[in-house]
Amino acid sequence: MAFTRRSFLAGFVSCPLCAAAAGAEDAHWDYEDLHNWGEHSTNEACAYGGEQSPVDLTGAIKAKIRAPVLSWKPQAFTVVNNGHTIQADAAPGSFATSENSKFELKQFHFHTPSEHAIDGKREAMEAHFVHAKEGGDLLVLGVLMRAGGSNKVFSAIMGAAPRTKGEATLKEPVDATALLPKNRHFFRYEGSLTTPPCSEVVNWYVFSTPIAVAASDIETFKGIFPMNARPLQPLRRRMLLTD
Ligand SMILES: [Zn+2]
């Protein structure tokens, strides 16, 4: 299924992760001033973009689409508190393949409450698995999370998470696929980063079934970041598909 491709903003920040890695200018931002994110010239997409994320996942069109094929390596992730979230940085060599494009897993991180909603309902948290390919397009897998179970990988990450800016390394390798739901039905649409610079370069796949994690681990995250979710953005004329 072909997607209409990108507004003028796509070329604007063609590789946000590269820019970050290169130490490019990074305007200060936080969740208390999220209505001002677009004021900085490098972040104009936050205010003026037409294909922003997150969105309410509702009214999806059923289509013959496939979830990305994942080949992730178990590893002892580096767990970073970057001042906006807790993020696990991945070593090279883990991939998601979609429609013959191969994207490499760069990192995954968490939001509370969930950024995406389903039929208007948000969950306690959401994990984003960020994959990039050459040229700057991203593929992000979203996993909704709720309290009521336990998840060893999430517990290990929250156990290592620095309470202030800094990093730690997991003691043992973990398999991040344990953070995915067993039921892999998903929503798909084209959108943006949910943080500045809000670049419209993201192929979003959000699983429709949440995973269950320990309430105490959610509380640990909220103790560090009480709220780090962007408000819902209008879908406008974009297609929202489901498998
Ligand atoms: Zn995110």
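L57 stands opposite I118, a residue of strand β8. Strands here, like helices, are DSSP runs numbered from the N terminus; a helix (H or I) needs at least four residues and a strand (E) at least two. Strand β8 covers residues 117-118, and β1 pairs with β8 in the parallel sense over 2 bridges. Two strands count as paired if DSSP finds at least two bridges between them. In general, the strands of a sheet pair through backbone hydrogen bonds, either parallel or antiparallel. The open sheet here has 3 strands in the order β1-β8-β9, with mixed pairing. Because β1 and β9 (121-122) each have a single partner strand, they stand at the edges, and one side of each is left without a neighbour in the sheet.

This is a predicted model, in which local features need pLDDT of at least 70 and side-chain atom pairs count only at pLDDT 80 or more, while totals for chains, interfaces and linings use all residues. Residues are numbered from 1 along each chain as its sequence is written. The pLDDT is the predictor's confidence in each residue, from 0 to 100. The protein chain averages 91, and 89% of the residues score at least 70. Over residues 1-15 the pLDDT is below 50, and this stretch has 20 contacts in the model beyond near neighbours in sequence. Two residues are in contact if their C-beta atoms, placed from the backbone, lie within 7 Å.

The protein chain has 4 helices and 16 strands. Of its 243 residues, 38% count as buried. A residue is buried if 20 or more other C-beta atoms lie within 10 Å of its own, exposed if 12 or fewer, and partly exposed in between, with C-beta atoms placed from the backbone. Among contacts between residues at least 6 apart in sequence, 69% join residues at least 24 apart.

Q52 lies in the loop between α2 (44-48) and β1 (56-57). Why does Q52 count as buried? Q52 is buried because 26 other C-beta atoms lie within 10 Å. Beyond four places in sequence, Q52 is in contact with G191, S192, C198 and Q233. A176 is in the loop between β12 (166-169) and β13 (186-191). A176 has 22 C-beta neighbours inside 10 Å, so it is also buried. P74 is 102 residues from A176 in sequence, yet their C-alpha atoms are 6.8 Å apart. Leaving aside neighbours within four places, A176 is in contact with W72, F108 and V153.

Helices α3 and α4 pack at an angle of about 35 degrees, with their axes 10 Å apart. Axes are lines fitted to C-alpha atoms, for helices over the stretch in contact, and angles run from 0 to 180 degrees between N-to-C directions. F154, S155 and M158 of α3 make the contact with D217, T220 and F221 of α4.

Beyond four places in sequence, I157 is in contact with V79, I86 and A88.
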